[in-house]
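Here is a short briefing for a first look at a protein chain. Keep the sequence and the structure side by side as you read.

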Amino acid sequence: MKNVLLIIPAYNEEKNIKTTVDHVLSHSPGAAYQLDYIVVNDGSRDGTGAVCRREGIRCLPLVQNLGIGGAVQTGYLYALQNGYDIAVQFDGDGQHDIASLDALIEPILQGEVDFTVGSRFVDGTSDFRSTFMRRLGIRYLSLLIRIVSGGRIKDPTSGYRAANRKAIAFLASNYPADYPEPESIVALLKKGFRLREVQVNMFERAAGKSSISFWKSIYYMFKVSLAILCTSMQRKEKS
């Protein structure tokens, strides 16, 4: 039986974190794996930490905000040090559907791939609908990743992802800091990891709003494009 860890990064998610964890705890993993979770409280300025303490939620409190990359890498380090077989990134804002977990990790459980990306766009059945500009940006990043690495990932900004032990060890030491999802995909492909995109369901945020505004989105596209190009210059390794 495999041990699976959900890494739940949370920054100012006091209105969402209990619902998210309750959603996780409602899932029945079946016989193939055991499910655990850890919330990484990324230096939240609101009551996220207080909610975790009051509700008995397992939490790693960071003394300052490291950003999504630092928070998730902390989770990978925790998974590596505690011997988990699979680590899954699972957002603390209520967008990820725990019912899709089995589909996300099945290719890893079968030994077919090292890393899976949960996608909203494989067959179009997700409940989540992003704005036109965000969909356009996702398509642009997907095309850029395909050009520089040969990998075909339709949803490269998805934060619903799963890694086996080999990928956990790599990401615990090599994880981008700012907007890590597209850049880490290129890094994994360049290092010869086997990736697969899997259809998952996602929801709108349960509460609060995204920290990425229109102008931040423009800056993000510019910055992540440079990061992807730099990462693509690494020598490709055989799997």
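In which sense do β1 and strand β4 (residues 86-89) pair, and over how many bridges? They pair in the parallel sense, over four bridges. This is a predicted model, in which local features need pLDDT of at least 70, side-chain atom pairs count only at pLDDT 80 or more, and totals for chains, interfaces and linings use all residues. Residues are numbered from 1 along each chain as its sequence is written, and side-chain values use heavy atoms, with hydrogens and water left out.

**The chain as a whole**

- The protein chain has eight helices and seven strands. Both are DSSP runs numbered from the N terminus: helices are H or I with at least four residues, strands are E with at least two.
- The chain counts 239 residues, and 53% of them are buried. Buried means under 20% relative accessible area, exposed means over 50%, and partly exposed lies in between (1.4 Å probe, protein chains only).
- Among contacts with a separation of 6 or more, 78% join residues 24 or more positions apart. A contact means heavy atoms within 4.5 Å.

**Strand β1 and its partners**

- Strand β1 covers residues 2-10, and seven of its nine residues are buried, so the strand is largely enclosed by the rest of the structure.
- β1 also pairs with strand β2 (residues 33-41), in the parallel sense and over nine bridges. Two strands pair if DSSP finds at least two bridges between them.
- V4 stands opposite L35 in β2.
- From β1 the chain crosses through helix α1 (residues 17-25) to β2, and this β-α-β crossover is right-handed. Right-handed means that, with the strands pointing away from the viewer, the path from the first strand over the helix to the second runs clockwise.
- On the β4 pairing, L5 stands opposite A87.

**The start of the chain**

- M1 lies in the segment before β1. M1 is exposed, at 61% relative accessible area.
- M1 and A31 are 30 residues apart in sequence, yet 7.3 Å apart in space, C-alpha to C-alpha.
- Leaving aside neighbours within four places in sequence, M1 is in contact with A31, A32, Y33, Q34 and D85.

**Cysteines**

- The structure holds zero disulfides. A disulfide is a pair of cysteine sulfur atoms within 2.5 Å.
- For C52, the nearest cysteine sulfur is that of C59, 4.1 Å away.
- C52 is buried, at 2% relative accessibility. C59 is partly exposed, at 24%.

**Salt bridges**

- Side chains of opposite charge can pair when their charged atoms come close.
- The count comes to seven salt bridges. The rule asks for a side-chain nitrogen of Lys or Arg within 4 Å of a carboxyl oxygen of Asp or Glu.
- R196 and E112 form one, with the closest N and O atoms 2.8 Å apart. R196 lies in strand β7 (residues 195-199) and E112 in the loop between α4 (101-109) and β5 (115-119), so the pair ties together parts 84 residues apart in sequence.
- D114 and R194 meet in another, at 3.1 Å, N to O. D114 sits in the loop between α4 and β5, and R194 in the loop between α7 (180-190) and β7, 80 residues apart.
- D114 is buried, at 5% relative accessible area, whereas R194 is partly exposed, at 34%.
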